Amino acid sequence: MRKKSNSRRVNSLSQQPSMASSYACSSRFLLHYRKISALVFFILVVCLIVVLNTSLRKEGVSRSDVPSNRLYTVEVVNEFPHDPDAFTQGLLYAENDTLFESTGMNGASSVRKVTLQTGKVKAIQRMPYSDFGEGLTLLGDRLIQVTWRQSTGYIYDRHNLSKFEKFRHDMPDGWGLATDGKILYGSDGSSTLYQIDPQTMKVVKKQIVNYQGDEVHRLNELEYVYDEVWANVWMTDCIARISQTDGSVLGWILLPNLREGLLHNLKKQIDVLNGIAWDRDGDRLFVTGKLWPKLYEIKLHPLKTPFNGDIKQMCMPPAFPFP
């Protein structure tokens, strides 16, 4: 019995170094594991702080109230000569590189047929001194034009501009005109977009053009493009793409580079961007401005980088103080 007991004790004593060694190894492993865990946790915290700081910096510097895919810049595809004395109020593309244009200013107002490539006036009908020419659109063979500060306009035979008749409309004023081939769209310098029956010239529908809950005032020259109504906003370098369904702004086309480029290279004073024309068959877009010596064919590009400005400040001036 004593031998057996001693034997167990000897065996137990002989195992103690092995157990101690295992315990030491386990302790070292746990210590090493804790060190690694602490290091990983520290690295994750640092990464999180860096990401948050970067995000906050971006939010502070590049925050935009407009998703980038609703903003468009333009690429100039072609430049064409344009009469530098033409105070452009209405512009449209007919066919075969032919434009029709309405010009303003008392004593200088006209409707003209222009060759795109050369800018030469092929035909012109001058207006009485009392008339200030404004928006222009083409429906069939009828060129329809409105005048400023009057509820009147003219309908011309597109093949003979000397043949015309006067009409009255329901808008408080006449600024812009466009058509989808069925009805007319009109503007009066306010935030209202009018739909007009082309036979009776009566307003059949009104919509308030709005963007993010605010009205878009000073709607000027109009064009019907891609089933949308596009509008120059007077005294800005912006074109609003407007839903014909509810009057909401679907996007903004930003064109400050065109006017700034002209100002940099010209000594003569120019006026604002005004005039949009669309070649439906060739899918070409043209823009110009009042007293601009050039007409541009442009191509749109969605803005791919964050917009750093305030689109409302840039493209939405206050309401025009009508007298």
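Predicted model: local features only at pLDDT ≥ 70, side-chain atom pairs only at ≥ 80, totals over all residues.
**Overall fold.** I began with secondary structure. The chain has 22 strands and three helices. I then looked up burial: 45% of the 323 residues are buried. For contacts between residues at least 6 apart in sequence, I found that 53% join residues at least 24 apart. The exposed surface comes to about 17,500 Å², with 55% of it supplied by carbon and sulfur atoms.

**Cores.** Next I went to the largest nonpolar core, which has 24 residues. Val216, Ile242, Trp252 and Ile311 touch the most other members. Two or more residues each come from β16 (219-225), β17 (228-233), β18 (238-243), β19 (249-254) and α3 (311-315). I also noted a second, separate core of 19 residues, with Tyr72, Ile253, Leu262 and Leu285 among them.

**Trp252.** I listed its contacts, leaving out residues up to four places away in sequence.

**Disulfide.** How many disulfides are there? I count one. Cys238 and Cys315 form it, with sulfur atoms 2.0 Å apart. The bond links distant parts of the chain, from Cys238 in strand β18 to Cys315 in helix α3, 77 residues apart. Which hand does it have? The torsion about the S-S bond is about -65°, so the disulfide is left-handed.

I checked burial at both ends, using the cut-off of under 20% relative accessible area. Cys238 has 1%, so it is buried. Cys315 has 0%, so it is buried too.

Terms used:
Residues numbered from 1 in each chain as written. Heavy atoms only, no water. Helix = DSSP H or I, 4+ residues; strand = E, 2+ residues; numbered from the N terminus. Buried < 20%, exposed > 50% of the residue type's maximum accessible area, 1.4 Å probe, protein only. Contact = heavy atoms within 4.5 Å. Areas by Shrake-Rupley, 256 points an atom, 1.4 Å probe, with all protein chains shown as cover. Core = buried A, V, L, I, M, F, W, Y, C linked by side-chain atoms within 4.5 Å. Disulfide = S-S within 2.5 Å.
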